[in-house]
Amino acid sequence: MNEVFEENGIELPLPKQGTLASDTERYEKGLEIQSPVYGTEIADRYTWLPGDFAKMVPRFLTELCFGDFNTRTGLDSKTRELLTVVLLAALGGAEVQVKSHVEGALKMGNTREEVVCALVHASGYMGIPRLFNALNASKELLANE
């Protein structure tokens, strides 16, 4: 594998892809990535949870998805959001999240056509019903103007 990497100009050793050191750092760095794209949408949506859950459930998302995963290198934000849309669509039952991430994908520079193309491409693997669910969930974001 090293030979193939070298032949393709990939510098070795590869940079580390580990997670951030502390929960505070994970949260702060995650929030830096999350806030410009999604604002306070998740925190606002779950204020009704009892006690500490109202703050901790959104914090889990910020620390894990944005602090752990999105701080890693290797994928740019545009590609990462597009993959997230397709993965959520394939998962099924996550139409609220599909719509939210379609909006994020558009904010990160994907076009409506790129989002639809990625979903249509994935339909061969995830199934037509999941494609339709994702398209219907995101219709207002993806429809022709």
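R26 sits in helix α2, which covers residues 23–38. The model here is a predicted one. Is R26 buried or exposed? Its relative accessible area is 15%. Buried means under 20%, so R26 counts as buried. What does R26 touch, once its neighbours within four places in sequence are set aside? The partners are L20, T62, E63, L64, G67 and D68. E63 and D68 are among the residues in contact with R26, and both count as charged by class.

Now step back to the whole chain. The protein has 145 residues, and 30% of them count as buried. R26 is one of the buried residues. The fold holds nine helices and zero strands. Read along the sequence, the pattern is α-α-α-α-α-α-α-α-α. Along its principal axes, the C-alpha trace spans about 50 × 40 × 25 Å.

Two packed helices are described by the angle between their axes and the distance between the axes. Take helix α5, residues 77–91, and helix α6, residues 95–107. Their axes come within 8 Å and cross at roughly 165°. Why does this pair count as roughly antiparallel? Angles over 145 degrees fall in that class, so α5 runs roughly antiparallel to α6. The crossing of α5 past α6 is left-handed.

Which residues make the contact? From α5 come E81, L82, T84, V85, L88 and A89. From α6 come Q97, V98, H101, V102, G104 and A105. By class, this contact has seven nonpolar, four polar and one charged residues. E81 of α5 is in the contact, and Glu belongs to the charged class. G104 of α6 also takes part, with Gly placed among the polar residues.

Last, the cysteines C65 and C117. How exposed is C65? Its relative accessible area is 29%, so C65 is partly exposed. C117 reaches 51% relative accessibility. The cut-off for exposed is over 50%, so C117 counts as exposed. How many disulfides does the structure hold? The count is zero. A disulfide would need a pair of cysteine sulfur atoms within 2.5 Å.

Methods:
Residues numbered from 1 in each chain as written. Predicted model: local features only at pLDDT ≥ 70, side-chain atom pairs only at ≥ 80, totals over all residues. Heavy atoms only, no water. Buried < 20%, exposed > 50% of the residue type's maximum accessible area, 1.4 Å probe, protein only. Axes fitted to C-alpha atoms, helices over the stretch in contact; angles between N-to-C directions. Helix = DSSP H or I, 4+ residues; strand = E, 2+ residues; numbered from the N terminus. Parallel < 35°, antiparallel > 145°, perpendicular 65-115°, else oblique. Left-handed = near helix turned anticlockwise from the far one by under 90°. Contact = heavy atoms within 4.5 Å.
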